[in-house]
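Thanks for coming. I will show one structure and then go through a few parts of it.

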Amino acid sequence: MADPIEISGLVKTFGHVRALDGLDLDVAQGEIHGFLGPNGSGKSTTIRVLLGMLRKDGGEVRLFGSDPWAHAADLHRRLAYVPGEVNLWPSLTGGEVIDLLGRLRGGLDERRRAELLERFELDPTKKGRAYSKGNRQKVALVAALASDVELLVLDEPTSGLDPLMESVFQECVDHFRDSGRTVLLSSHILAEVERLCDRVSIIRAGRRVETGTLSELRHLTRTSVAAETVRPLAGLDGLSGVHDLEIDGHRVFFEVDTARLGEALGIIQEAGVASLTATPPTLEELFLRHYGDHTKPPP
Amino acid sequence: MTGTWTLLRHFLWRDRWMLTWWSLGTTVLYWSQAVSVKGLYATQAEFDAAAASMEGNAALISMAGPARALNTVGGQVTWQATAFGAIVVGLMSMFLVVRHTRAEEESGRDELLRAAAIGRAAPTVAAVLVALVANVLAGALVAASLVSVPLAVADSVALGVGLAAVGAVFTGTALLAAQLTGGARAAYGLAGAVLAVAYVLRAIGDVGTPFLTWISPIGWYQGMYAFSGLRWWPMLPLLAAAVLALAAALWVFARRDFGAGVLPTRPGPARASAALTRGLGLATRLQRGSVIGWAIGMWLMGLAYGSMGSDVGDLIGDSELSRDMFARGAGDLVDGFYATAIVLLALMSCGFAVSSALRPRGDEDVGRVEVLLATGLSRTRWLLASMAVTVAGSVVVVLAAGLGLGSGYALVTGDDAAVVDLTVATVPYVAPVLATAAVASLLFGLAPRLAGLAWLVLGYAVVVLMFGELLSIPERLQGLSPFHHLALVPAEDFRWAPFLALTALAAVLGGAGVAAFTRRDVEVR
């Protein structure tokens, strides 16, 4: 069976702007796939092409193995989409919108609907114009999570939620995946991605620059090490892959390419370990490596 | 108040084209009257004769205002332009005010602004100032253009100053509406209703119940009698009303919560009915309120025209010019009057049809359509459902106008058959109404950002009806108005050909709109 989402070489231009410039993205069945990138990098455009809202200018896009532009409505019955900016009809209540979207997708799980309303503390009798941004988002989330679908497409779905609701959201998405279903989660809340995602793709300027599991990505970056040794330390400064080394008597701080971590630890061990902390790189550091100037590029 | 100045400049920049077009449009309305009337009559005797025939014309008076000094260019300009000028600045003020207040608040953008280091009332005050600037600009341009004709300076200035003052009154009522209601659409509805009531009050008042004119801001403006014994004191009630409305609005503003209206929003059902999620359910639900509102409004409008009864014959008089304008040269004057009244009612009903046809654009523009179309609902089904409601709603609204007209006439004259006759005469106007709406649908499909231009078709049709003969617009150009082709029932016999042709045109344009929409990108905000 084909993967739920297969995109290769996708190009989309708006006038002179090349919003997507040969983008690749693969999301496998049963995974939560993090889709990371700064504002304007093309995440939402990719999702809109994937949903058949925008027509691609080049490349291949397959949703459940078929073309989303040609078969939009049929494919949509198998997925639920939550945009970052949810706008509701001023005269419909949240409950009505949930039912409307759910039934248009082919049905709602009644028990799940009630449970989600309770967990998200959402009042379904309010009219659309009376909801705050976060509550509008909850309406779309409840509609999506209570729908009987195979794929969730979430475009920065928690930008209006408070931390408490965000953790409810994370549990619900986890639960969704545990039943073998798939999630594409576009986000720039790195902690959320780190907590939820099995694999991530990082995009910049309409291209994918990195993809893999978090541990694979970590392997490409550095681990920070702080240690205290019994004897004075020697030999670390000669080791390739060690950066920003600071030795202060028996104490040592450095960063090391994760691939050389073993060798570095060997040297420390020879000097006798009194204490040791090794911190794996956070997603933030991965992210900054591609966008920021905070970490130097690897040699 | 901190930040008001910055915001004002920001708003003025954002609205620069809106301000330009609205104020230029208003100016052209006045100036073109002056220029066209100037060249229309070869001799003063001809002018006097034409004026005499207009002076006794109740229908024209109800549409335009009190007939004074109609045998002068200034008097003609005042008569032809002031009522519509007041409506134009009223609409401009309403759009400017609501757009920067309630609409912003509803979208949440206002929150962003208010969170910045600006005073709580700064956006509201800046919005009012923008509208006042726009009104003063329109008034100044009108005055300057009339002086340039040249017309008497004091009276020209009075027309401009009065216009700005009327605009200020409607700025106040729009701001009050924006405070009372909980959403932009409702605010437009309320502010628009105030405008309509002001117009209707003076329409009825001018024909025979003067005190009604004196409770309408438009009546005060026309009561300045520019070019016919100018007097300035009606400026007092105008300014007082403007100040009062603004003060009331600010008083409400200071006492309500952010995002809240004063008119309560009641909770609704927690579950959707089965009907909402099937077929036309959603489209019907979204437009139900506006169809009902328009139907009642148009029924009342029809009633107002119908209740002039058969007396219009005496009032119109029997001069040739009057015949040309009203009966279009055909047979009985009363029939001619009602034929024209029907076109007028159809043009008003078209306001519903165009705004209804533009709803999909509104949904797309604010990003609602995305969530909806990401479900099993196809683009074609979504758009067709909305168009079906536009068609059905237009039929209802036009039918209501016809029923009102017939009922009013029957009430006054006791001729009960008129109910059916006048209704049957009105219903075929669904065809040009829908043809105009279909232009909106086509634009939505092809170039969504330009969809609003469909209003120009309606505006052009109004110009052709009102001024087509007067400005002697060539027949071929008049024919561009969809409302120019139907037989003028009851003055003429009904003809099927133009009706069927317009219906077919509407179907083709609408179908092309759907086809185009399924081939284009859904617009991304």
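Start in chain A, where A:Arg222 stands opposite A:Asp257 in strand 12 of chain A. This is a predicted model, in which local features need pLDDT of at least 70 and side-chain atom pairs count only at pLDDT 80 or more, while totals for chains, interfaces and linings use all residues. Residues are numbered from 1 along each chain as its sequence is written, and chains are lettered from A and ligands numbered from 1 in the order in which they are written.

Strand 10 (residues 222-229) and strand 12 (residues 251-257) of chain A run antiparallel, joined by seven bridges. Strands here are DSSP runs of E, at least two residues, and helices are runs of H or I, at least four residues, numbered from the N terminus. Two strands pair if DSSP finds at least two bridges between them. In chain A, four strands make an open, antiparallel sheet in the order 11-12-10-13. Strand 11 (242-248) and strand 13 (273-279) of chain A are its edges, each pairing on one side only. From one strand to the next, the twist averages 15°.

Now chain B. The axes of helix 20 (residues 379-413) and helix 21 (residues 417-426) of chain B come within 7 Å and cross at roughly 150°. That makes the two helices of chain B roughly antiparallel, a label for angles over 145 degrees. Axes are lines fitted to C-alpha atoms, for helices over the stretch in contact, and angles run from 0 to 180 degrees between N-to-C directions.

Lastly, chain B is divided into domain 1 (1-260) and domain 2 (277-525), with bounds from an automatic or database domain assignment. Their centres, taken over C-alpha atoms, are separated by 26 Å.

Terms used
Angles under 35 degrees count as roughly parallel, over 145 as roughly antiparallel, 65 to 115 as roughly perpendicular and the rest as oblique.
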